[in-house]
Amino acid sequence: SKKADTHVYLMRGLFGVFSLGMDDLAGKLHSDGYRASIYGWDSWEQVADVIRQNYQAGQNEVVIIGHSLGANAVILVSERLQKNNVPVLLAVTFDATDPHKVPTNVGTFLNFWARDGFGHPVEAPAGYKGELDNFDLSGQPNIDHTSIDALNQFHRLVIAKLDGLTAK
């Protein structure tokens, strides 16, 4: 199935301790039939290399998800993959603190952010053909920079989006 051929790479934020929502989400993805691996934000170059090698070996669907500095890393990894002509099915960022524009090799980009955290909206470059959704969670109760990646309703939304993309 396309689901079994989909590998989700999750990027934790600073010190790897605050982004435990990434671990929780990885568990939910595993239960749903996806492969999922977790990395620290500062190993983004290694992650880009691993993805490129897996893609060249025939693993087709690439999904990258990150929180905080790990969200910035999602974009860095995608930019590196763009140079290597590797498409990214889905990229998801939780409170990216310093996001670049969406790389054009990303088919669907979801950004969850809150102005009262450290997050920013993500912009698409001119001519971007994919789908970009910014979810502005500013002022929502119980959402801040340390909790934004751990909330089940957003995990469900991400998995539903991914299920829809891999069902095609």
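I take buried to mean under 20% relative accessible area. The model I am reading is predicted.

**Helix H3**

I looked up helix H3 (residues 69-83) and counted 15 residues. Its first and last C-alpha lie 22 Å apart, close to the 21 Å expected at 1.5 Å a residue. In H3 I listed Gly 70, Ala 71, Asn 72, Ala 73, Val 74, Ile 75, Val 77, Ser 78 and Leu 81 as buried. I then checked what the buried residues of H3 pack against: strand S1 (6-12), helix H2 (44-56), strand S3 (61-67), S4 and S5. Just after H3, I noted a positive phi of about 60° at Asn 85.

**Strand S5**

I went on to strand S5 (residues 106-113), where 7 of the 8 residues are buried. S5 pairs in the parallel sense with strand S4 (residues 88-94) over 6 bridges, and with strand S6 (residues 131-136), also parallel, over 6 bridges. I followed one row across: Thr 93 has Asn 111 of S5 as its bridge partner, and Asn 111 has Asn 134 of S6.

**Aromatic pairs**

I searched the whole structure and found 4 aromatic pairs. Tyr 9 and Tyr 39 count as stacked because their ring centres are 6.4 Å apart and their planes stand at 25°. Tyr 9 sits in strand S1 and Tyr 39 in strand S2 (residues 35-40), 30 residues apart. I found both Tyr 9 and Tyr 39 buried.

Phe 94 and Phe 112 are also a stacked pair, at 4.9 Å centre to centre with 10° between the planes. This pair links S4 to S5 across 18 residues, and both Phe 94 and Phe 112 are buried. I recorded Phe 94, Phe 112, Phe 135 and Phe 154 as one aromatic cluster.

Methods
Residues are numbered from 1 along each chain as its sequence is written. This is a predicted model: local features need pLDDT of at least 70, side-chain atom pairs count only at pLDDT 80 or more; totals for chains, interfaces and linings use all residues. Side-chain values use heavy atoms; hydrogens and water are left out. Buried means under 20% relative accessible area, exposed over 50%, partly exposed in between (1.4 Å probe, protein chains only). Helices (H or I, at least four residues) and strands (E, at least two) are DSSP runs, numbered from the N terminus. Two strands pair if DSSP finds at least two bridges between them. The expected span of a helix is 1.5 Å times one less than its number of residues. Contact means heavy atoms within 4.5 Å. Rings of Phe, Tyr and Trp (its six-membered ring) pair if their centres lie within 6.5 Å; planes under 30 degrees apart count as stacked, over 60 as edge-to-face and the rest as tilted.
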